Amino acid sequence: MQLIAKTYWAGAPMNMRRYPQDYLVESLILKAADFREHRGLWWAPRRNPKPKTAAVVMHPRGDFTHHYVIPRLVDAGIGVMAANTRNPNNDVTTIHEEIILDVNSCVSFLRHKVGVKNIILIGNSGGGALNGFFQAQAKKSRGKRIAKTPGGRRTWLNDADMFPADGMIYISSHKGEGLIMNEIIDPAVVDETRPHLSDPALDLYEPRNGFICPRELDGSDAAWSEYDPDFIARFRAAQIDRVRRIDAIARSLIEESREAEAIRNDPGFARLSPERQRDIMRREAFEPVMTIYRTMANPHYVSQQFDPSARDYGSIFSPRPDLMNWKFFGFGRYATPHAWLSTWSGVSSFANQLHDLPQIDEPSLFINAGKDQEIFPKTDAEPMFAAMASKDKTFVSFDDARHYFEPPFGEKDAPDVERLMDVVVPWVLERFGA
């Protein structure tokens, strides 16, 4: 059953459609403050390989090393560090308190190895929340940063020399992966080990609740659904309840490991049988992987009722979210307990734009895509812009643009990317030069 959106048929929609006109590119192995390695590409203008101004573009798990912002920036004399975190294309073990150290290693490289004076963080989609979390922590002095992850592990943030950026650009940015999960997780799931069990009273895709089910697999005959506001209120509350239940499972699994560690560190451990000792050490070492089923159930995918925009029906992943909800491809399907709490739980995660943006006063540009199927005006864009502390903040909306400013399926060029960069490049040059 082919349900993936056409956007993804021809490759990742965030990839550049052309290379810069005259450039140098260097493949780098970068090392974070906790000694973990990650990789990036340093794109620089050939005429000026050590520019005064450079941008960093990253995503928590997506590969942005060939991101569509690169060509126009390099053509304008602005360097670009396009890097992966330590977890490219896989967020099963992603801890946000760790991956912001990867952002920091990019900024540090530009400052101290290249000699860049002005650094701008460009956050597209999940990269916006990643950058906001980094910037808010980097601006704090040692001892005032987050000391423990939501799962209780010690972070390296107070051991690291952190270097905040000079400017922030958010493109189709969301509030945080956990806050997204709060709004897309299916609350009709009643048993995390038996995903087919459902509470019909909380099923977004139940016609009796207001859903209009398309007949065609490609969603070509889809019609917007209408829901009772009381149902949506119950649905939203139940989404948070399910996140809290998964949080409790994650914390229980972490506690089992801690209990085994406590037994191993107890003087009585040496008196236990060899078999019992092995069992305890295995339980201490064990890190399970949680499967989070059915995470494509946002009412905004199928209804214009509560946050209208120019978007098309469905999600960025599929024109049939009601069926894609059951497939593997989607947000947060697999996670260790620590990764769930740090990245995907909107109840527990510290990566929260509405908390971070009020701490960031550097010049900020917020770009909204009017046809975005994941970022919505009243739910996401307007609250984030309002939360920004910067006195130099700009909001620009492209009414007909999609999430990655990609063109309709089959078209080679991306005119919306060019219109976007017509705003981004002058904004950077006016404030920081090239």
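## Residue classes and basis of the model

Ala, Val, Leu, Ile, Met, Phe, Trp, Tyr, Cys and Pro are counted as nonpolar, Asp, Glu, Lys and Arg as charged, and the others, Gly among them, as polar. The structure is a predicted model, in which local features need pLDDT of at least 70 and side-chain atom pairs count only at pLDDT 80 or more, while totals for chains, interfaces and linings use all residues. Residues are numbered from 1 along each chain as its sequence is written, and side-chain values use heavy atoms, with hydrogens and water left out.

## Pockets

A pocket is defined on a 1 Å grid over the protein atoms alone as an open set of points with protein on both sides within 12 Å along at least five of seven lines; a cavity is a set of points where a 1.4 Å probe fits but cannot get out, and lining residues have an atom within 4 Å of a point. Grid points are joined across faces, edges and corners, and the volume is the space filled by probe spheres set on the points.

The largest pocket holds about 810 Å³ of space. It is lined by 37 residues, of which Ala 5, Lys 6, Thr 7, Arg 402 and Phe 409 are the closest to its centre. This lining divides into 18 nonpolar, 11 polar and eight charged residues. The second largest pocket holds about 700 Å³. Of its 31 lining residues, Arg 61, Asn 89, Phe 317, Phe 329 and Gly 330 are the closest to its centre. Here the lining comprises 14 nonpolar, 11 polar and six charged residues.

## Enclosed space

The count is one cavity of 30 Å³ or more, and the largest cavity contains about 30 Å³ of space. Its lining consists of Pro 13, Asn 15, Arg 17, Tyr 68, Tyr 404, Phe 405, Glu 406, Ala 414 and Val 417. By class, six of these residues are nonpolar, one is polar and two are charged.

## The sheet

Strands (E, at least two residues) and helices (H or I, at least four) are DSSP runs, numbered from the N terminus. Two strands pair if DSSP finds at least two bridges between them. Eight strands form an open sheet with mixed pairing, in the order β1-β2-β4-β3-β5-β6-β9-β10. Because β1 (23-31) and β10 (393-398) stand at the edges with a single partner strand each, one side of each is left without a neighbour in the sheet. From one strand to the next the twist averages 20°, with axes taken as lines fitted to C-alpha atoms and angles running from 0 to 180 degrees between N-to-C directions.

β1 pairs with strand β2 (residues 37-45) in the antiparallel sense over nine bridges, and Ser 27 stands opposite Leu 41 in β2. These two strands form a hairpin with five residues between them, and Phe 35 in the turn has a positive phi of about 75°. Strand β3 (residues 53-58) and strand β4 (residues 79-83) pair in the parallel sense over four bridges; Val 56 stands opposite Met 81 in β4.

## Cysteines and Val 302

With a disulfide taken as a pair of cysteine sulfur atoms within 2.5 Å, the count is zero. Buried denotes under 20% relative accessible area, exposed over 50%, and partly exposed in between (1.4 Å probe, protein chains only). Cys 106 is buried, at a relative accessible area of 0%, whereas Cys 213 is partly exposed, at 43%.

Val 302 belongs to helix α7 (residues 299-302) and counts as buried at 0% relative accessibility. The C-alpha atoms of Val 302 and Phe 328 are separated by 20 Å, the residues being 26 apart along the chain.
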